[in-house]
Amino acid sequence: MSFKEIAPEELQENAFKVIGKDWLLVTGTAEGKSNAMTASWGGMGVMWGKPVAFLVIRPQRYTKEFIDKAEGLTISVFGEDRRKMMSYFGSVSGRDEDKIAKSGLTAVEDNGRVYFEEARMAMVCRKLYAQEMQEGCLLDAGSKAKWYPDKDYHTLYIVEIEKMLVKE
C-alpha cells in the first residue's frame, strides 16, 4: 500500500484516539541522522491560519536534540499490530542504540525529514513555535505534582502540518 496526500481538514480520524490511544512516533532528523520517540500527549488544530499539531517533549529526550536542530519533524501513526514496537521506541534511548535500524522500519525521506513506510498515517511538519513550559504557568497543582515531580517540564512545540499522508 502506498500513501495518498490529503488536506489535513479531510482527516476522518479522531485526534483523541490517534494521539492518546494509538500514540505517535515523532522523528527528528539533523546532520544526516534521525531519531524517533513515542509520544501520547499533544493535539491537532488551527493556529495562525495553518493546520498544526501540538507536541510536548521532555528536556532529557534524545530526540529533542534532533528536533531542536532541524527546521521540522515528522509524526507517524501505526496500527495496533505495531504496539510492541511503539513501546520499544518509548522505553529505549537512541543514545544507546540505533532504534530505527533495530526496529526494521523503512525510512522515507521527505525534504530532509523522515517518516516510515509501515505507518498508516504520516505528517510532515515544520516548526512554528517552541517554548519551555514554566512551573509558574502550570496552574493545575495536581498535574504539577503528578507529572513533574522532578521539575523536568516539557518543551511545547507547535508545528505546521505541511503534508498529511494516509495509506490508500
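This is a predicted model: local features need pLDDT of at least 70, side-chain atom pairs count only at pLDDT 80 or more; totals for chains, interfaces and linings use all residues.

Q: OK, switching to the overall fold. How many helices and strands does the chain have?
A: There are 5 helices and 10 strands in the chain.

Q: How does the radius of gyration fit with a compact globule?
A: The two agree: a compact globule of 168 residues would come out near 15 Å, and the chain has 15 Å. Along its principal axes, the C-alpha trace spans about 45 × 40 × 30 Å.

Q: What share of the residues is buried?
A: Buried residues are 43% of the 168 in the chain. As for contacts with a separation of 6 or more, 72% of them come from residues 24 or more positions apart.

Q: Which way do its residues point?
A: Leu24, Val26, Gly28 and Ala30 point one way from β2, while Leu25, Thr27 and Thr29 point the other way. Both sets are buried.

Q: Which strands does β2 pair with?
A: One is β3, residues 33–39, paired with β2 in the antiparallel sense over 7 bridges. Within that pairing, Thr27 stands opposite Ala36. Another is β6, residues 72–77, which is joined to β2 by 3 bridges and also runs antiparallel to it. There, Val26 has Ile75 as its bridge partner.

Q: What happens in the hairpin between β2 and β3?
A: The hairpin has 2 residues between the strands, and Glu31 takes a positive phi near 55 degrees.

Q: New topic: how many aromatic pairs are there?
A: The structure holds 6 aromatic pairs. One of them is Trp48 with Tyr129: the ring centres are 6.3 Å apart and the planes are at 50 degrees, so this pair is tilted.

Q: Where do those two residues lie?
A: Trp48 is in the loop between β4 and β5, and Tyr129 is in strand β9, so the pair ties together parts that are 81 residues apart in sequence. Tyr129 is partly exposed, at 31% relative accessible area.

Q: What about Tyr148 and Tyr153?
A: They form a tilted aromatic pair too, with 4.7 Å from centre to centre and 35 degrees between the planes. Tyr148 and Tyr153 are both buried.

Q: Which charged residues sit over rings?
A: Among them is Arg83, whose charged end sits over the ring of Trp23 at 4.0 Å from its centre. Lys167 lies over the face of Phe3, 4.7 Å from the ring centre.

Q: Last one: where is Asp110, and what does it touch?
A: Asp110 is in strand β7, residues 107–110. Setting aside neighbours within four places in sequence, Asp110 is in contact with Tyr115, Val124 and Lys163.

Q: Is Asp110 buried or exposed?
A: Asp110 is buried, because its relative accessible area is 14% and buried means under 20%.

Notes. Residues are numbered from 1 along each chain as its sequence is written. Side-chain values use heavy atoms; hydrogens and water are left out. Buried means under 20% relative accessible area, exposed over 50%, partly exposed in between (1.4 Å probe, protein chains only). Helices (H or I, at least four residues) and strands (E, at least two) are DSSP runs, numbered from the N terminus. Two strands pair if DSSP finds at least two bridges between them. Contact means heavy atoms within 4.5 Å. Rings of Phe, Tyr and Trp (its six-membered ring) pair if their centres lie within 6.5 Å; planes under 30 degrees apart count as stacked, over 60 as edge-to-face and the rest as tilted. A charge sits over a ring if NZ of Lys or CZ of Arg is within 6 Å of the ring centre and within 35 degrees of the ring normal. The radius of gyration is taken over C-alpha atoms; the globule rule is 2.2 Å times the number of residues to the power 0.38.
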